[in-house]
Amino acid sequence: MKVLHIDHKEVVRLLPMDECIDAMAEVLKTFSVGKAVMPLRSIVWHPDKRGGLGLMPAYLGSPELFGIKVVTVFPSNEGTEYESHQGAVMLFDAKYGAPMAVMDGGEITTIRTAAASGAATRVLARKDAGDLAVIGSGTQSRSHLQAMAEVRDLRRVRVWSRSAENARR
C-alpha cells in the first residue's frame with residue numbers, strides 16, 4: 001500500500017475551511033455518541049524543559065481510522081526560522097493497521113482547530129450574531145476569523161493583541 005505524503009501547501013489545498021467545518025461537525029457528532037476514542041495526550045519533556053514531544057492518538061468509528069498527531073513544542077523557536085509547534089498527522093487503516101498518510105501537522109492543526117470552533121458556533125451561537133472579538137493575533141486568530149466568517153455574517157471584528165501592529169495586520 002502506498003503511503004501518501006501531504007505537505008503544507010497540499011494540506012491548504014485539500015482542506016478548505018468550509019469543508020473542514022462540515023467534517024468537524026460530523027466528527028463531533030461521532031464522538032458524542034461514543035464512536036470515537038481520544039485518550040489524553042502524552043507529553044515527553046526535554047530534560048531541561050526547553051521543549052517537548054506530544055502524542056495524541058485517536059480512533060474514529062466513521063470513517064473507521066486510527067490516527068495520531070505527533071507534535072513538538074519549542075517556545076524558544078519564536079523569532080527563528082522554526083515554528084514553535086511542528087509536527088505530523090498520521091492515518092492508519094483500522095482494518096489491517098496499514099499506514100495510509102503522513103501529513104503536515106501544523107497546517108492541519110491551524111485549520112482543524114478553527115473549523116471545530118466554526119462547527120460549534122454554527123450550532124450554538126445566535127443566527128444574527130455578527131460581532132466577533134479575537135484575542136491574540138497569531139496563526140489561530142487568523143484561522144478563527146476565517147472560520148467565523150464561514151458560519152456567520154460578520155459586521156464587526158475587534159482584535160486584541162499585545163502588539164498593536166500585529167492586531168492591525
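## Glutamate 26 and its partner

Glutamate 26 is partly exposed, because its relative accessible area is 45%. The class limits are these: buried means under 20% relative accessible area, exposed means over 50%, and partly exposed lies in between (1.4 Å probe, protein chains only). Glutamate 26 forms a salt bridge with lysine 29, and the closest N and O atoms are 3.4 Å apart. A salt bridge here is a side-chain nitrogen of Lys or Arg within 4 Å of a carboxyl oxygen of Asp or Glu. Both residues lie in helix H2, three residues apart, about one turn of the helix.

This is a predicted model, where local features need pLDDT of at least 70 and side-chain atom pairs count only at pLDDT 80 or more, while totals for chains, interfaces and linings use all residues. Residues are numbered from 1 along each chain as its sequence is written, and side-chain values use heavy atoms, with hydrogens and water left out.

## Overall layout

The protein holds five helices and nine strands. These are DSSP runs numbered from the N terminus: helices are H or I with at least four residues, strands are E with at least two. From the N terminus on, the order is β-α-α-β-β-β-β-β-β-α-β-α-β-α.

The C-alpha trace spans about 50 × 40 × 30 Å along its principal axes. Of the 169 residues in the protein, 28% are buried.

## Helices H2 and H3

Helix H2 covers residues 17–32 and helix H3 covers residues 105–124. Their axes come within 8 Å and cross at roughly 70°. Axes are lines fitted to C-alpha atoms, for helices over the stretch in contact, and angles run from 0 to 180 degrees between N-to-C directions.

H2 and H3 are therefore roughly perpendicular to each other. The crossing of H2 and H3 is right-handed.

Seven salt bridges turn up in a search of the whole structure. One of them joins arginine 155 to aspartate 131, with the closest N and O atoms 3.9 Å apart. Arginine 155 sits in the loop between H4 and strand E9 (156–160), and aspartate 131 in strand E8 (residues 131–135), so the pair ties together parts that are 24 residues apart in sequence. Arginine 155 is exposed, at 61% relative accessible area. Aspartate 131 is partly exposed, at 42%. Asp131, Arg155 and Arg156 are linked in a network of salt bridges.

Aspartate 48 is partly exposed at 45% relative accessibility. Arginine 50 is partly exposed, with a relative accessible area of 45%.

Lysine 49 lies in the loop between strand E3 (42–45) and strand E4 (52–61). Its phi is positive, about 65°, although lysine 49 is not a glycine. Most residues other than glycine have a negative phi. Lysine 49 is exposed, with a relative accessible area of 58%.

## A nonpolar surface patch

Leu145, Val157 and Val159 make a nonpolar surface patch of about 200 Å². Patches are made of residues with over 30% relative accessible area and no salt bridge; like charges are joined within 9 Å, nonpolar side chains (Val, Leu, Ile, Met, Phe, Trp, Tyr) within 5 Å. Areas come from the Shrake-Rupley method with a 1.4 Å probe, and for residues only the protein chains shown count as cover.

Leucine 145 is found in helix H4 (residues 139–151). Leucine 145 is partly exposed at 33%. Valine 159 belongs to strand E9 and is partly exposed at 38%. Its C-alpha is 7.2 Å from that of serine 137, a residue 22 positions apart in sequence.

## Contacts across the sequence

Glutamate 10 is in helix H1 (residues 8–14). Glutamate 10 is partly exposed at 30% relative accessibility.

Aspartate 104 is in strand E7 (residues 99–104). Aspartate 104 is partly exposed, with a relative accessible area of 24%. Histidine 5 is 99 residues away along the chain, yet the two C-alpha atoms are separated by 8.4 Å.

Technical notes:
Angles under 35 degrees count as roughly parallel, over 145 as roughly antiparallel, 65 to 115 as roughly perpendicular and the rest as oblique. A crossing is left-handed if the near helix is turned anticlockwise from the far one by less than a right angle, and right-handed if clockwise.
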